[in-house]
Amino acid sequence: MNILLLSMPDYFEHMPPVAVRMPNGALTSLAGNVDNHHRVAVADLILCHDRVRETVTKLFHDIDPDVLGLSVMTFQRRTAHSIIDLARTLKPGVKVVVGGYDPSLAPDAYQEMGVDYIVRGEGEVTFRELLRALERRQGFENICGLSYRGDHWVHNPARPVHRLEDDEIWPPNRDARVLQGYTLLGRQVDVIETSRGCTYDCSFCSIIEMRGRNFHTYSVKRVLRDIRDAREHGARTIFLVDDNITLNVRRFEQLCHAIIEAKLNKLDYFVQAMTSSIAAQGETLAPLMRRAGFRYVFLGIENILEGDLQFLRAAAKNTERGPGNHGNSTLKAIDCLRRNRMYVVGGLIVGNPDDTRESIEANLAFARRFVDWPYIQHPTPYPRTPMTEHFRRRGLITNHRLEEYDGTTAVVRTEFIPAEEIEYLRWKAERWMKVRHMPTAFLHDPWFVLRHAPEMLAHTFRGCTLRSMVGLEDERNAFARYQLIRRQERAYL
Ligand code: B12
Ligand code: SF4
């Protein structure tokens with residue numbers, strides 16, 4: 001069969017496509033796990049976000065898919081709907097399958113969208129079995145993790161999470177990609193998984209409802225093979241997409257050693273990490289990470305105030321461990337990473353239910369002072385997270401347009417401040433923090449920064465004018481223009 005797999009073109013504030021166009025790891029993993037007589041094409045639509053209709057039309061013409069698969073996050077749901085409508089006009093009989101976080105956690109929304117199958121949770125084996133059933137014209141009743149349309153919608157039982165240790169999941173297939181242009185600040189980027197899952201239960205995170213609290217790991221040998229494969233496909237930067245690689249620090253250290261021994265440490269690595277692990281074990285881990293090529297570490301700081309951390313259920317992962325140590329581990333983790341010449345991408349969440357202007361300002365001031373690149377978001381009520389329920393109960397959700405649930409649009413208010421004001425505070429502070437990092441980016445990739453600095457600055461300061469920047473115009477006017485531009489950007493088709 002001919003199979004076309006698409007990821008959505010929707011991007012958000014911290015990932016402007018001029019600087020960041022990342023592949024979707026799910027699609028290549030799915031492509032690597034179908035039986036090998038199928039012809040699979042993977043297209044990450046972020047690579048053509050400004051000509052989606054033309055690209056999808058051309059792909060249908062070139063590939064003539066029997067099956068179309070879409071990977072969707074919640075804020076991309078509206079775009080997914082438009083793409084499904086387009087697909088139906090291009091080839092009415094194409095079988096449409098959706099998967100990823102949004103279809104898994106809000107399957108009902110997709111039933112009304114004219115899809116044929118919903119793959120819930122991990123997709124590799126479910127999708128493989130679905131294709132076999134389609135090919136052999138068999139029933140679908142034994143395929144765990146699948147929802148399908150008969151006379152009515154049938155939701156088969158969930159599929160147990162995969163034990164990655166058993167090689168049940170075959171390696172990704174990067175040859176299936178049909179579009180080019182992946183980049184992270186000018187270097188070709190690829191994504192690698194070394195583990196899946198997390199044992200914490202932060203209230204804003206979708207992962208627990210998606211797969212429960214567990215942690216499974218690929219062997220170091222397989223990970224090295226995967227990194228080599230990414231490098232052979234042109235990658236110079238690797239983004240480790242693990243949910244929480246720092247759950248097992250000893251294993252992470254082994255991985256760093258293995259990367260160094262395999263001489264794969266000339267690549268740049270990005271990773272997401274938990275502050276408590278870095279604070280507790282960073283003295284041995286951080287130097288090793290640096291030697292292995294790690295350059296940016298996304299730290300899930302979430303918030304610097306204890307009350308907010310309690311609300312986010314993120315206190316445990318941010319608390320310093322060890323005898324007599326019970327304080328917040330953030331500063332120690334940041335210090336450790338910086339001493340080892342790595343940059344801290346500071347993940348903070350502001351606008352929680354009891355936040356005041358002062359508590360938001362305190363977090364912004366912290367980011368200004370301590371992080372190298374701000375990654376500040378607003379709490380966003382994604383389907384079925386405990387946090388969503390909390391906001392709903394307290395009547396604080398003010399915006400139900402899901403395409404705006406991108407993390408940097410405030411869609412909830414606090415008990416004290418309106419959503420718009422929260423977003424304004426973040427927007428106003430964050431732009432300048434980003435500019436500060438430009439010289440560092442320049443030293444690493446001078447050619448890219450020279451060529452693209454005007455575009456990057458134009459993105460960061462869209463809505464602003466010289467007058468608003470020197471104080472001759474109210475910045476709120478600039479913010480209003482920014483919001484308008486952002487709304488226009490969201491129309492991908
Ligand atoms: C790595 C990551 C990123 C990376 C890379 C994204 C990329 N291009 O792949 C970066 C940092 C760029 C990123 C950004 C964002 N992310 Co993100 N990200 C993740 C993370 C940690 C891992 C995703 C991953 O690659 N997993 C590995 C792959 C193999 O697994 P998978 O994607 O789940 O796919 C499996 C199944 O879902 C299924 N499947 C998926 N697609 C399909 C399609 C078909 C057809 C089928 C059959 C099956 C299927 O099968 C796959 C294999 O088993 C997740 C999860 C988490 N723990 O928080 C969040 C997560 C996906 N991100 C999320 C969000 C909200 C975002 C942002 C909007 C804001 C943010 N929080 O940073 C931005 C938007 C990005 C953009 N497009 O501009 C949310 C999504 C919530 C939701 N309900 O939609 C998650 C779940 C985190 C959370 N908050 O809980 N993200
Ligand atoms: S530690 Fe990270 S991956 Fe784990 S539940 Fe919290 S936010 Fe999600």
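Modeller: Before we start, two residues are in contact when they have heavy atoms within 4.5 Å of each other. Also keep in mind that this is a predicted model.

Colleague: Got it. Which residues does Arg-462 touch, not counting residues up to four places away in sequence?

Modeller: Start with where Arg-462 sits: in the loop between helix 17 (446–460) and helix 18 (466–469). Once residues up to four places away in sequence are set aside, the ones Arg-462 touches are Glu-13, Trp-427, Tyr-482, Ile-485, Arg-486 and Glu-489.

Colleague: And which residue has its backbone oxygen 2.7 Å from a polar atom of the Arg-462 side chain?

Modeller: A polar contact needs a pair of N or O atoms within 3.5 Å. At 2.7 Å, a polar atom of the Arg-462 side chain meets that cut-off with the backbone oxygen of His-459.

Colleague: Let's move to His-38. Is His-38 buried or exposed?

Modeller: His-38 belongs to the loop between helix 1 and strand 3. Leaving out neighbours within four places in sequence, His-38 is in contact with Met-1, Ile-3, Leu-131 and Glu-135. The relative accessibility of His-38 is 8%, under the 20% limit, so His-38 counts as buried.

Colleague: How far apart are the C-alpha atoms of His-38 and Met-1?

Modeller: Along the chain, His-38 and Met-1 are 37 residues apart. They still turn up as contact partners. From C-alpha to C-alpha, their separation is 5.1 Å.

Colleague: What about Ile-417: how far in space is Ile-417 from Asn-265, C-alpha to C-alpha?

Modeller: Ile-417 is in the loop between helix 14 (386–393) and helix 15 (419–436), and its contacts beyond four places in sequence are Asp-355, Thr-356, Arg-357, Ile-360 and Ile-422. Ile-417 is buried, at 8% relative accessible area. Asn-265 is 152 residues away in sequence, and the C-alpha distance is 47 Å.

Colleague: Now helix 1. How many of the residues of helix 1 are buried?

Modeller: The buried ones are Leu-27, Thr-28, Ser-29, Leu-30, Ala-31 and Gly-32. They pack against strand 1 (2–7), strand 3 (39–44), strand 4 (67–71), helix 6 (124–135) and strand 11 (195–196). Helix 1 is mostly covered, then, and of its 8 residues the buried count is 6.

Colleague: Which residue caps the N-terminal end of helix 1?

Modeller: Look for a side-chain oxygen 2.8 Å from the backbone nitrogen of Ala-26. That oxygen belongs to the capping residue, Asn-24.

Colleague: Which element gives the most to the lining of the second largest cavity?

Modeller: Two or more lining residues come from each of helix 1 (25–32), strand 10 (189–192) and helix 8 (220–232). The lining includes Gly-25, Thr-28 and Ser-29. With 3 residues, the top contributor is helix 1.

Colleague: How many residues of that second largest cavity's lining are charged?

Modeller: Among the lining residues are Arg-174, Glu-193, Arg-222 and Asp-226. The lining splits into 5 nonpolar and 3 polar residues, and the charged count is 4.

Colleague: On to the ligands. Which side chain has an N or O atom 2.7 Å from an oxygen atom of ligand 1?

Modeller: Ligand 1 is surrounded by 41 residues, with Ser-71, Thr-74, Ser-206, Asp-243 and Tyr-375 the closest. Backbone atoms take part too: one of Phe-12 is 3.2 Å from an oxygen of the ligand, and one of Pro-23 is 3.1 Å from a ligand nitrogen. The side chain at 2.7 Å from an oxygen of ligand 1 is that of Glu-124.

Colleague: And how many residues around ligand 2 are nonpolar?

Modeller: The shell around ligand 2 is made of Cys-198, Tyr-200, Cys-202, Phe-204, Cys-205, Ile-207, Asp-243, Asn-244 and Lys-317. By class, 1 is polar and 2 are charged, while the nonpolar count is 6.

Colleague: Last one: what is phi of Arg-137?

Modeller: Most residues other than glycine have a negative phi. Arg-137, in the loop between helix 6 and strand 7 (146–149), is exposed at 77% relative accessible area. Its phi is positive, near 55°.

Note on methods
Residues numbered from 1 in each chain as written. Chains lettered and ligands numbered in written order. Predicted model: local features only at pLDDT ≥ 70, side-chain atom pairs only at ≥ 80, totals over all residues. Heavy atoms only, no water. 1 Å grid on protein atoms, 1.4 Å probe; cavity = no way out; pocket = protein on both sides within 12 Å on 5 of 7 lines; lining within 4 Å. Helix = DSSP H or I, 4+ residues; strand = E, 2+ residues; numbered from the N terminus. Nonpolar A, V, L, I, M, F, W, Y, C, P; charged D, E, K, R; others polar. Near = heavy atom within 4 Å. Buried < 20%, exposed > 50% of the residue type's maximum accessible area, 1.4 Å probe, protein only. Polar contact = N/O pair within 3.5 Å; in protein donor to acceptor, adjacent residues only side chain to side chain.
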